[in-house]
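Hi everyone, thanks for coming.

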Amino acid sequence: MTTKILEATEQNLLTAAELIKKGEVVGMPTETVYGLAANALDPSAVKKIFEAKGRPMDNPLIVHVSDTEMIRPLVKEIPPLAQELAKRFWPGPLTIIMPKSDLVPMETSGGLDTVGIRFPSHKAARELIRLSGVPIAAPSANLSGSPSPTTAQHVFDDMNGRIPLIIDGGACAVGVESSVLLLNGDSITVLRPGMISVEELLEITDNVKVDKGVLEMVSNAEKVMSPGMKYKHYSPKADVIILSGSTQSYRRYVSEHTADGVMCMPFEKSDVPDGVKCIPFGKSGEEQAHLLFDCLREFDKLGAKTVYARCPSRNGAGLAVYNRLLRAAGFKIIFL
Ligand code: TXA
Ligand code: MG
């Protein structure tokens, strides 16, 4: 199979929608990261997603809709808190877990009796879902374990020969995956942090918890709320090590540890001693979210053996960046 990349024109979105209706998998841009899109209600189409990614079958897929009316048949109920969150943050980078109806196959929900629902804001994603006429299951469009793709080229690099078509909707504005929320009455548990931050959720309710799996390593044996958290994630080939401390201590550590294949991921170029190869990933959480996965892929292309990354803040969008970087680093962090 050869994989085509097509611009997100109406004609090309129609072609993509036809493929989805036929049970195929298509690379779809969203505002967070690119997704591998298929008909969420068709078990054999959904199986093709798992095959293309090499993803374990017990890791559930998020179901994407193009308007809120599409949600009702997919779930047993839409809790009042979900409605409030939807009003505030949809369309946008937020996934809400709800009790699933029988319409959603077990293949899609990874055997769980819940389903994560997301209403993306990216124009091409919404149009593709609308033209397909079905809810769309879409995990991030990377090979399982690799950094998530934020451009059509990243998707091509991982999926060439595995899917027929990628729709090119440009570089993803957000750059990290959606915030995933579990609700219980008036309390919210953040299973995966994203651009919709804890601080913003606190404007809706005082009762916001961050799941332990967000900042800690969970073992395979432990029962985890979000199955994706037990798998190795976002790993470039290089050994990533997070250095937590001041600019000065970062610069000193790096200058004492230069060697062949050692590269840096600082906030800005001036953090790094002259002559050390680096890709800066920005100062604000938003900027870092936008650049993180692209930087991680770039280090592989440059043949980095070790990457010393500066430690992002845990505030706002920073928490999402920190969560992804911790996993890319296999939780290796040095406090300077
Ligand atoms: O931004 C996003 O969410 C992207 C774009 C394509 O929409 N999608 C995405 O999907 O990141 P994926 O499959 O790569 O990550 C979904 C995460 C996984 O960690 C999964 O375990 C968790 O959400 N998840 C999905 N459904 C769940 C459920 N019913 N209960 C608990 N966790 C769930
Ligand atoms: Mg993923």
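Predicted model: local features only at pLDDT ≥ 70, side-chain atom pairs only at ≥ 80, totals over all residues.

Residues are numbered from 1 along each chain as its sequence is written, chains are lettered from A and ligands numbered from 1 in the order in which they are written, and side-chain values use heavy atoms, with hydrogens and water left out.

Helices (H or I, at least four residues) and strands (E, at least two) are DSSP runs, numbered from the N terminus. Two strands pair if DSSP finds at least two bridges between them.

Strand 11 runs parallel to strand 10 (residues 187-192), and three bridges join them. In that pair, Thr189 stands opposite Lys209.

Now the helices. How do helix 1 and helix 5 lie relative to each other? The axes of helix 1 (residues 10-21) and helix 5 (residues 123-132) come within 8 Å and cross at roughly 50 degrees. Axes here are lines fitted to C-alpha atoms, for helices over the stretch in contact, and angles run from 0 to 180 degrees between N-to-C directions. The two helices are therefore oblique to each other; angles under 35 degrees count as roughly parallel, over 145 as roughly antiparallel, 65 to 115 as roughly perpendicular and the rest as oblique. Contact means heavy atoms within 4.5 Å, and the residues making it include Leu13 and Ile20 of helix 1 and Leu128 and Leu131 of helix 5.

Next, find strand 12 (residues 239-244), where five of the six residues are buried (under 20% relative accessible area, with a 1.4 Å probe and protein chains only). Five bridges join strand 12 to strand 14 (residues 306-310), and the two run parallel. Strand 12 also runs parallel to strand 15 (residues 333-335), with three bridges. Look at Leu243: its bridge partner in strand 14 is Arg310, and in strand 15 Leu243 stands opposite Ile334.

Last stop: Asn323, in helix 10 (residues 318-328). Asn323 counts as buried, at 4% relative accessibility. Beyond its neighbours within four places in sequence, Asn323 is in contact with Pro193 and Val214.

Methods: Buried < 20%, exposed > 50% of the residue type's maximum accessible area, 1.4 Å probe, protein only.
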